[in-house]
Amino acid sequence: QVQLVESGGGLVQAGGSLRLSCVASGSFDRINDMGWYRQAPDGQRELVATGTSGGSANYADSAKGRFAISRDNAKNTVYLQMNSLKPEDTAVYYCKAIVIRGGHYQFQYWGQGTQVTVSS
């Protein structure tokens, strides 16, 4: 099994910054993609940003220019630096990891989520 533990959420004023962290632990050969998704109370879960082990990144349009994803592969950790936060960024942020076990079998895991609230 794999556990993903997120941290760094909280309450911040509009224009402020937060840094989310997600640490993966458990049984796996390696981690392929790690990323962040979010879900507002009245919305569906949506992509924020994902990053590969090789350093490539993909961002939702809403995150481009404001958020930055990074990984520390040695620590099995992914970060999301969020700047210029807006009230519409308010959501529960979830970490997702795609890990490899048995040489080539892929498994997907989700964290429990961390709340981000941006006040106007």
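Figure 1. Strands (E, at least two residues) and helices (H or I, at least four residues) are DSSP runs numbered from the N terminus. The model is predicted, and therefore local features need pLDDT of at least 70 and side-chain atom pairs count only at pLDDT 80 or more, whereas totals for chains, interfaces and linings use all residues. Residues are numbered from 1 along each chain as its sequence is written, and side-chain values use heavy atoms, with hydrogens and water left out.

Figure 2. Two strands are taken to pair if DSSP finds at least two bridges between them. Strand 3 and strand 8 pair in the antiparallel sense through six bridges, and within this pairing Val23 stands opposite Thr77 of strand 8. Strand 7 (residues 67-72) and strand 8 (residues 77-82) also run antiparallel and are joined by six bridges. In strand 8, Leu80 is the bridge partner of Ile69, and Tyr79 is the bridge partner of Ser70.

**Figure 3. The hairpin of strand 7 and strand 8, and the two faces of strand 7.** Strand 7 and strand 8 form a hairpin with four residues between them, and Asn76 in the turn has a positive phi of about 50°.

Figure 4. A disulfide is a covalent bond between the sulfur atoms of two cysteines, and here the term is applied to a pair of cysteine sulfur atoms within 2.5 Å. By this rule the count is one disulfide, which joins Cys22 to Cys95 with an S to S distance of 2.1 Å. The link of Cys22 and Cys95 is left-handed, with -80° about the S-S bond. This pair links distant parts of the chain, 73 residues apart, with Cys22 in strand 3 (residues 18-26) and Cys95 in strand 9 (residues 91-101). Both Cys22 and Cys95 are buried.

**Figure 5. The largest nonpolar core and the contacts of Tyr93.** In soluble globular proteins, nonpolar side chains tend to be buried together. A nonpolar core is defined here as a set of buried Ala, Val, Leu, Ile, Met, Phe, Trp, Tyr and Cys residues joined through side-chain atoms within 4.5 Å. The largest such core has 28 residues, and those with the most contacts inside it are Trp36, Leu80, Met82 and Tyr93. Among the elements that give two or more residues to this core are strand 1 (2-7), strand 4 (30-39), strand 5 (46-51) and strand 11 (114-119), while the largest share, five residues, comes from strand 9. With contact meaning heavy atoms within 4.5 Å, and not counting residues up to four places away in sequence, Tyr93 touches residues including Glu6, Leu20, Trp36, Phe67, Leu80, Met82 and Val116.

**Figure 6. Arg19 in strand 3.** Arg19 has its place in strand 3 and counts as partly exposed because its relative accessibility is 46%. Not counting residues up to four places away in sequence, Arg19 touches Ser7, Gly8, Tyr79, Leu80 and Gln81. The C-alpha atoms of Arg19 and Met82 are separated by 6.0 Å, although these residues are 63 residues apart along the chain.

**Figure 7. His104 in the loop between strand 9 and strand 10.** His104 lies in the loop that connects strand 9 with strand 10 (105-110), and with a relative accessible area of 56% this residue is exposed.

Conventions:
Buried means under 20% relative accessible area, exposed over 50%, partly exposed in between (1.4 Å probe, protein chains only).
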